[in-house]
Amino acid sequence: MCLAAWAEVCSAQDLRAPTSAVAGEEATISTTGSGKATFYLVGPGVSHRNDVALGEEIHLAAQDIRNAGNYVAILCSESCHRASFYVTAAKPVTLTFLVHPSRVPVAQGDAVSGVALPFDQYHNLVLTPLNVSFELTAKDASLWSKSVRTQNGAAWFRAASGKSAGPLQVAATADDLTARRAVQQVASDPCNLRITGQRTRTGILVQTQPVHDCAGNVVTDGTIVTFTATGPHGTGTVDAPIKQGIARAEMDAPGPVVISVASGVVMGNEIRVGAQ
Amino acid sequence: MKYAVALVLVAVTAALMVLGLFVSGQAGTTVGVTKGSALHTSRASTPDQAVTNLLVDVQRRNWDRAFSNVSSASGIREQAFIQDWIGSNGGLRSFSSLEGYDSRPLHASNDEVEMRVRLHFSTPVGPLEDVRDIHLIREGDVWKAVWPKVPVPSVPAQVVPVTYLRWDLVTGGVDDEWGAKNVDAPHVRIISMNAVDSAEGAVVMGEVTNEDSIPAFVTVNATLVDGSGNPIDDESSFDKIAHVLLPKQITPYRIDFPNLNLKNVKNVRMDVKATLVPASADPVIGVMNQRIDTDVQGKSVLHGELLNQSGQTVNIPHVIASFYDNNGKVVWVSDGYVDRALLPQSLEPFAVEIPKSLSATVHSFHVVVNQFSLGKS
């Protein structure tokens, strides 16, 4: 009789995990057998213990399975049985969107990149593939767009920067979710840097023509332009910042000089200015 | 008996002291190499003593007595003499003190002597050396220095409109969505690097540029690596770089590895770090009349003048120069602090040294001016 009872207990004590569970939604685990048992649930950031009655369903509350991932359910009576189940992320409610860089020179290939990561309301990364549409717009005109399906919860793009300086709007859309970022497009290196100079009462006033990049954008104010005057008295240099598109400096050189100009690694023209 | 040895020692000491006074009195106008530890005496009966008296009183900041060693033929007022030593307008000299000196004669006659004095100052930016030729004349039986008038820049009262740019930095709040409002660090690049052995050790130098459209605070670090890939030493450019770089600005950098040579170095690992900082495009400092000369000591020196084109005083100008060979390769980076403040719209001379071994190699140079102003970071 004892053996028969033991066999009944052992054969009866079992549990069946849900085949699919969604984060933040209630789920049930069915058990067989009779009598009392102890139920353990171990999962990502979760572990708890309950006394349950065998043969009844164990209800998993929504807050017990808020974190997506692998869970282990353990039922112990005379002996212990276990079952694993996976909790998937819920419906995406936010789209985290990272865009790099925050500033980019114009007309640079593969210069702008971004990655979109859908998350559910419990901050679980949604691994179920979904389509994300990326779009780059500048001055209300679409420059580039592409639809990308997420892989392992991420969708990404890489694109060239536009031709005009100014803000570049980057949007990622998945279903009814949209995230927007802005990238500042700035002028590239100066192109065709040219200077003019004339003697004044105190020296030589030298200034650039409006400084543009090769796409015609005015180079950012504050960019340093180096003027170099070489003459019989030695060399004079002034690092002057561009203001409203023009850099100017006063050189102190009484004799004849050759004045050259450079900005970063870009060289400009040379001018000759006669003696005072 | 037990006091005999002591008495003999006292007697010998006294005799030597008397003999010493007698011998120096006979020396007359003997001029020799003097160190800054010489003793101060009330009357300068020799040129050496006159220099000693003057400089010891300057060290002690005993200005009245120091000025009493200056000949009235100098035509300099005491206040100007004092200002020559203590500086003004928050210049580096204002924060310096004379630690010592060496002097040696250049020319000597019965009534006139030219002494070359090497002055050692301690300053907040490290020890600095200044070389001066002091002319001394005999006035009766006393030697006095002829102190040249120091030209003080005279800045007329004026209004200088300043319209240069300033970059301010606004940081995001804690509630900002992750990744929503990031501002990238400025993009800077090392455009040249050269490692050489020098008398003091290994030196890594070159130039770095800010390729971005915003200002950058830049530091350059170098790690020397041996054949096994193990680091030997790492150092930073410290003050031998213009840390704040405006867009497209280029600065030299130099990293010293004292007491190390490149014999065992297989690789140099460079690391440039840039952070976004608030900055101002003002003041603009021109570098005028740059030329390489040989100074009075026979050293090869890059001379020039700094011209402050703005309306604010630059308290401590710092000059950093990179020197190139025929191929445009950076062969040396040298720096020097200017110990006088750079007043608005005025010129101040500077000089930086080039090692003798490189003076024939240097073909061209590039100078940048770093500046420190009181009340500004």
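Reader: To start with chain B, how much of it is made up of buried residues?
Author: In this predicted model, buried residues account for 32% of the 377 residues in chain B.

Reader: And what secondary structure does chain B have?
Author: The secondary structure of chain B consists of four helices together with 20 strands. As for its contacts, if we take those between residues at least 6 apart in sequence, 65% of them join residues at least 24 apart.

Reader: Which domains is chain B divided into?
Author: There is domain 1, covering 29–146, and domain 2, covering 153–377. The C-alpha centres of domain 1 of chain B and domain 2 of chain B are 34 Å apart, and the contact between these domains draws 11 residues from domain 1 and 12 residues from domain 2.

Reader: What classes of residue are on the side of domain 1 of chain B that touches domain 2 of chain B?
Author: That side of domain 1 of chain B has four nonpolar residues, six polar residues and one charged residue.

Reader: Switching topic, how many residues does each chain bring to the contact between A and B?
Author: Chain A brings 29 residues and chain B brings 32 residues. On the chain A side, strands S9 (92–100), S16 (177–186), S22 (234–241) and S23 (248–251) each supply at least two residues, and the largest share, eight residues, comes from S22(A). Sorted by class, the side of chain A that touches chain B has 10 nonpolar, 12 polar and seven charged residues.

Reader: Which strand of chain B does S22(A) pair with?
Author: S22(A) pairs with strand S15 of chain B, residues 285–294, in the antiparallel sense and over three bridges. Within that strand, S15(B), Val287(B) is the bridge partner of Thr237(A).

Reader: Does Thr237(A) turn up anywhere else, or rather, what is Phe227(A) in contact with?
Author: Beyond its neighbours within four places in sequence, Phe227(A) has contacts that include Thr237(A), Val238(A), Ala249(A) and Met251(A). Phe227(A) and Met251(A) also touch the most other members of the largest nonpolar core, which has 76 residues. Apart from that core lies another of 22 residues, among them Phe97(A) and Phe134(A).

Reader: Last one: where in chain A does pLDDT stay under 50?
Author: That happens over residues 1–12 of chain A, a stretch for which the model has 10 contacts beyond four places in sequence. Where pLDDT is low, predicted coordinates should not be read in detail. Chain A as a whole averages a pLDDT of 90, with 96% of its residues scoring at least 70.

Key. Residues numbered from 1 in each chain as written. Chains lettered and ligands numbered in written order. Predicted model: local features only at pLDDT ≥ 70, side-chain atom pairs only at ≥ 80, totals over all residues. Contact = placed C-beta atoms within 7 Å. Nonpolar A, V, L, I, M, F, W, Y, C, P; charged D, E, K, R; others polar. Pairing = 2+ DSSP bridges. pLDDT = per-residue confidence, 0-100. Core = buried A, V, L, I, M, F, W, Y, C linked by C-beta atoms within 7 Å. Buried ≥ 20, exposed ≤ 12 C-beta atoms within 10 Å, placed from the backbone. Domains from an automatic or database assignment.
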